[in-house]
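Hi everyone, thanks for coming. I'd like to walk you through one structure today, so please have a look at the screen.

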Amino acid sequence: MASAKTPKPDELIAIRYAPPETPWMETPTVFRPGTWSYSGGAKSLTALGLPNPRAWQPPDEDWKLPENWKGIILEGLRERLEKHRSFRLFMDICVRCGACADKCHFFIGSGDPKNMPVLRAELLRSVYRRYFTASGKRFGKLAGARDLTIDVLKEWFYYFYQCTECRRCSVFCPYGIDQAEITMMGRELLNLVGCNINWVIEPAANCFRTGNHLGIQPGGVKDMLEFMADDIADRTGVRVEIPLNKKGVDILFVTPSGDYFADPGTYTCMGYMMLFHEIGLNYTFSTYASEGGNFGLFTSHEMIKRLNAKIYAEAKRLGVKWILGGECGHMWRVLHQYMDTMNGPADFLEEPVSPITGTRFENARSTKMVHIAEFTADLIRNGKLKLDPSRNDAHRVTFHDSCNPARAMGLFEEPRYIISHACNHFHEMAEDTIREKTLCCGGGAGLGNDENMEMRMRGGMPRAMAVKQVKEKHGVNRLACMCAIDRATLTSLMDYWVPGVTVTGVHELLANALVMKGEKERATDLRGEPLQGKAADETL
Ligand code: SF4
Ligand code: SF4
């Protein structure tokens, strides 16, 4: 199926904010090319044991649903209302104050009222009222209730797959209503009748098949790490080791597969390898746990649990003491918000202590998994790394707080601490676009696919405008972030809205600045680009 042509930025920016003529319940859903994602492939659904595998696409008239689809959805809704008290509360307590209305990047970028968080939730609430509240059963539309029909189901699909579960709206809601949780429930219900998207289902299936989202076999992981070790040797003169599937080491290192296989994530991965070599860390990569990302978050609670368990099963098999996690997004949300309830604390591992500084990571007492930014910031704070920030002088850097480490973990200071020690030129974006108010890349939660490009560019527009502002004011040319999805989606977003700004991981910047024992004089950064000053010297 051919991808839709994405409008040019000057066409796309002409956003119409006037609401449609018709009331929202009577405004039909139009599956416009460029604003939806391909359906989940039957092969992947079968591999995951999900219901109703078949060939279909969202614009089709007939979605080939099971005959009793309505009963399945309503029974699923009943079960979830009983099981998740927060969900029932979110269905009942919204006072429609509108504080969240203009906080969603998809509403800002599209002007579509159904992308206002309050109305996105109402798509599901209206059905909840109709079948589960006395007023809705009795007064129907007057009480904001409506029947569940095929058109309603299609509307859910369109708009729950236009929410990146970023949770920005929840920061502004006086009741703390978390639209991401509502979207997750909406997607879970859709999954019960086989309605999901391929950019979620295929990576999840691949993760069980080969260990990672991209479906790369163990030999491929080994080859990629070897290529990176060769590149490191070329740039620095230092040959780093590649511990892989090693039993009995102290630490299992888990990072998203985007760090192994796709630029610019590979430079971040080279950064990890150089850091671990320099401090003599006793660790291993794993081919079985070669994925930090957890696409269960975009499928169902059951899938979150299954995918998270895989990392811990590998830690047990290898006999490590604790786990160190790389620059990933939703892996950290799962760890911090769901793991304890779903999988239980990882009591078979040790409470993490840095073997280099002796720092005890008390916040990881239950999960036994430490974020690489905390680990590295602690090394710098204890004077364990020699850094030459002038090696990053070609870069004017700003930092994008990735939604999950920021809003799910509160990890604000550590990345900034690392960047400010690794770079001389760091500039923050506007206050209401960073930290807990950070704006989404527009491509998370499985939406970062090519067929959905127009919607990605719309959703990412507010973030891009904040980058544009620091580019114009301070000459920013590097956008740092701590998430593999961000590294992929922000790259397309910058090329579209702010050409000239490239995307980097925090540990790429760190490794550029890292002065390693026995290294040769560096002429280039990790990308092979001349260090500022060196190129000028050579032309003298
Ligand atoms: S801010 Fe909260 S209470 Fe107000 S409309 Fe939005 S979800 Fe409802
Ligand atoms: S969670 Fe994010 S994408 Fe979803 S409605 Fe809220 S702000 Fe929009």
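Some ground rules before that. This is a predicted model, where local features need pLDDT of at least 70, side-chain atom pairs count only at pLDDT 80 or more, and totals for chains, interfaces and linings use all residues. Residues are numbered from 1 along each chain as its sequence is written, chains are lettered from A and ligands numbered from 1 in the order in which they are written, and side-chain values use heavy atoms, with hydrogens and water left out.

Okay, ligand 2. Which residues sit around ligand 2? They are C104, H105, P117, R120, C163, T164, E165, C166, R167, C169 and Q179; being around it means having a heavy atom within 4 Å of it. That shell splits into five nonpolar, three polar and three charged residues. Here Ala, Val, Leu, Ile, Met, Phe, Trp, Tyr, Cys and Pro count as nonpolar, Asp, Glu, Lys and Arg as charged, and the others, Gly among them, as polar.

Keep E165 in mind, one of the residues around ligand 2. E165 also makes a salt bridge with R187, with the closest N and O atoms 3.7 Å apart. This pair ties together distant parts of the chain, 22 residues apart: E165 is in the loop between α8 (150-160) and α9 (168-172), and R187 is in helix α10 (residues 179-192). Helices here are DSSP runs of H or I with at least four residues, numbered from the N terminus. A salt bridge, by the way, is a side-chain nitrogen of Lys or Arg within 4 Å of a carboxyl oxygen of Asp or Glu.

Are these two buried or exposed? E165 has 2% relative accessibility, so it counts as buried, and R187 is buried at 1%. Buried means under 20% relative accessible area, exposed over 50%, and partly exposed in between, using a 1.4 Å probe and protein chains only.

The structure holds 40 salt bridges. Another one joins R129 and E122 at 2.7 Å, and both of those are buried. D388 and R391 meet at 3.9 Å; D388 is partly exposed at 27%, while R391 is buried at 12%. There's also a network linking D401, E413, R416, E428 and R435.

Last, the backbone. Most residues other than glycine have a negative phi, and most peptide bonds are trans. N52, though, has a positive phi of about 55°, and K64 has one of about 50°. The bond from D263 to P264 is cis, with omega near 5°.

Methods:
Helices (H or I, at least four residues) and strands (E, at least two) are DSSP runs, numbered from the N terminus.
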